[in-house]
Amino acid sequence: MASPCKKPICKASWPRPRAAWLALLSAAAMLLGGCDGGLALVPVSGVVTLDGKPVADAGVLFSPVEGGPPATGGTDANGAFELRTNNRP
């Protein structure tokens with residue numbers, strides 16, 4: 001049985017290697033650089049206690065009431081934490 005395709009795939013129909021690399025590098029730069037829309041991030045840290053004693057291995061979440069990205073972190077053995085937004089301090 002003959003193939004329904006009359007012409008073989010032409011190399012010119014595929015994206016050019018230089019254009020493909022440029023697209024890949026552009027996407028990587030956007031992902032690695034982050035697109036935070038100009039948010040001014042400030043460092044936030046503290047200590048979580050319960051009944052005056054540090055709380056170890058607790059999750060900490062800050063979710064802004066006015067909107068915006070949340071900040072997350074976790075406590076260490078001393079209850080200390082540092083929050084991060086989009087994996088940035």
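Me: What volume does the largest pocket have?
Reply: In this predicted model, the largest pocket has a volume of about 250 Å³. A pocket here is an open set of points on a 1 Å grid where a 1.4 Å probe fits, with protein on both sides within 12 Å along at least five of seven lines, and the volume is the space filled by probe spheres set on the points.

Me: And which residues are closest to its centre?
Reply: Of the 15 residues lining the largest pocket, which have an atom within 4 Å of a point, the closest to its centre are L41, V42, F62, A71 and T85.

Me: How does the lining divide?
Reply: The lining of the largest pocket has eleven nonpolar residues, three polar and one charged.

Me: Where is D51, and is it buried or exposed?
Reply: D51 is in the loop between β2 (49-50) and β3 (53-54), and D51 is exposed, with a relative accessible area of 73%; exposed means over 50% and buried under 20%, with a 1.4 Å probe and protein chains only. D51 also has a positive phi of about 55 degrees, although it is not a glycine.

Me: How are residues numbered, and what pLDDT is needed?
Reply: Numbering runs from 1 along each chain as its sequence is written, and side-chain values use heavy atoms, leaving out hydrogens and water. Local features need pLDDT of at least 70 and side-chain atom pairs 80 or more, while totals for chains, interfaces and linings use all residues.

How values were computed:
Nonpolar A, V, L, I, M, F, W, Y, C, P; charged D, E, K, R; others polar. Helix = DSSP H or I, 4+ residues; strand = E, 2+ residues; numbered from the N terminus.
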